[in-house]
Amino acid sequence: MLISFSDSPEYIRRTKKPFRPPQASLAEVRAVVPKHLFEKNTLRGMLYVVRDVTCVLVFYELGWRIDPFAQACGQSLSPVVASIVRCALWATYWIFQSLAFSGWWCLAHEAGHGTLSSISWINHVVGFTLHTFLLVPYYAWRSSHHSHHKATQSLERDENYLPKTRSDYRLPAEHIAHPSDYHEIFEETPIYTLIRMIVMQAIGWNYYLLTNIMGNPSYPPGTNHFRPSSALFKSHERSKIVASNVGLAVMASLLILWTSHVGFWSFVRFYLVPYILTNHWIVMLTYLHHSDPTLPHYRSKEWTFLRGAVSTVDRPLLGWLGRFFLHNVSHDHVAHHLFSTIPFYNQPYVTEAIKTVLQDDYNYDSTNSFRALYRTFSQCCFIEDDGDIVFYKNKDGKAVRILESDLKRD
């Protein structure tokens, strides 16, 4: 058990290896990916949609049987057993329904990239429907997400999880700073860290959509994913942002109508709790894709598309459950950033192909994902204001990885 929550050999190896920017070209990487992997199969894509919709409906129907089953256990055994059974079954429902909801989120994400079908309107109908059910503004998030793909790990242009700098925290210059300067800002009890993590995991996604928190700081105050005139969007996108908002209003109305029929407590158990857990899975996987002590961020002088794309990390999040419900989104995220128009079901083959070219520049981390989440949350504190290639520094003001060029200068 202790070993499973330790840092993985891959992570430890990266911390000991001085970083050199990838030397391969995008053309070299593209050349090893078979052309047939780029082909979209509408029937196959729709079968995944049907499968995921079926999972949600089956879990929903099973959910209605939990209380009668627990009550029957109480009559034949004891009230204590009934309570234990009821709690265990509801916890199981919440976990699996949240994973099924997350599958919808991932399929809508794929639809936004146009990979479910070669027919554009099919992608948009499916993506809009699935995301709207989860109260996600499909067109709005699709727009900012595409911008993220165009500028991954760029400190000037990326859209998500941009690090705060030394000056943001008003820390002394590195050459005069003492450990106490860092500890005063970043030192906190494990319980407080855990509470902050829970808050981020529970409402971080909603807060990002509403306020652009942890988005690009170059946007003006008030930037969000719901205002059509937001700086996130181009003028020709504004009608689609309105459409996203109308969809959300309709979904909210349907939820209110359904709640009036089944009762508030049923709304909480069947939709709200799985919805919150879905947000947790989405924040967890997106945060871990791009935030890690061993991953670089680039300023404009050193950034290229390939460097940004491979500065993410593949993780076996939730093992086979992640493969099944989350559609390879974490297992093959490097491949997805290099070739986001390739369908998710072909991405495992892309991963194997690009490894032959990227070699040590391919990032994988088998660290237990909950351990990795805590590690990233507690150790990725800030970056320096200068430097064209930078790594996160921890609460002691130290980076776990150094540049090969700096080592040679020393």
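Start with the lining of the largest cavity: it divides into two nonpolar, five polar and two charged residues (Ala, Val, Leu, Ile, Met, Phe, Trp, Tyr, Cys and Pro count as nonpolar, Asp, Glu, Lys and Arg as charged, and the others, Gly among them, as polar). This is a predicted model, where local features need pLDDT of at least 70 and side-chain atom pairs count only at pLDDT 80 or more, while totals for chains, interfaces and linings use all residues. Residues are numbered from 1 along each chain as its sequence is written, and side-chain values use heavy atoms, with hydrogens and water left out.

To see that lining, select His109, Glu110, His327, Asn328, Val329, Asp332, His336, Phe344 and Gln347. A cavity here is a set of points on a 1 Å grid over the protein atoms alone where a 1.4 Å probe fits but cannot get out, and lining residues have an atom within 4 Å of a point.

Next, pick the lining of the second largest cavity, including Ala108, His113, Tyr138 and His146. Which helix gives the largest share of this lining? That's α7, with five residues. Helices are DSSP runs (H or I, at least four residues), numbered from the N terminus.

Last stop: His225, in the loop between α9 (190-211) and α10 (238-262). His225 counts as buried because its relative accessibility is 0% (buried means under 20% relative accessible area, with a 1.4 Å probe and protein chains only). Now show Ser144: its side chain makes a polar contact of 2.8 Å with that of His225 (a pair of N or O atoms within 3.5 Å; within protein, one must be able to donate a hydrogen and the other to accept it, and residues adjacent in sequence count only if both atoms are side-chain atoms).

Key:
Helices (H or I, at least four residues) and strands (E, at least two) are DSSP runs, numbered from the N terminus. Buried means under 20% relative accessible area, exposed over 50%, partly exposed in between (1.4 Å probe, protein chains only). On a 1 Å grid over the protein atoms alone, a cavity is a set of points where a 1.4 Å probe fits but cannot get out, and a pocket is an open set with protein on both sides within 12 Å along at least five of seven lines; lining residues have an atom within 4 Å of a point.
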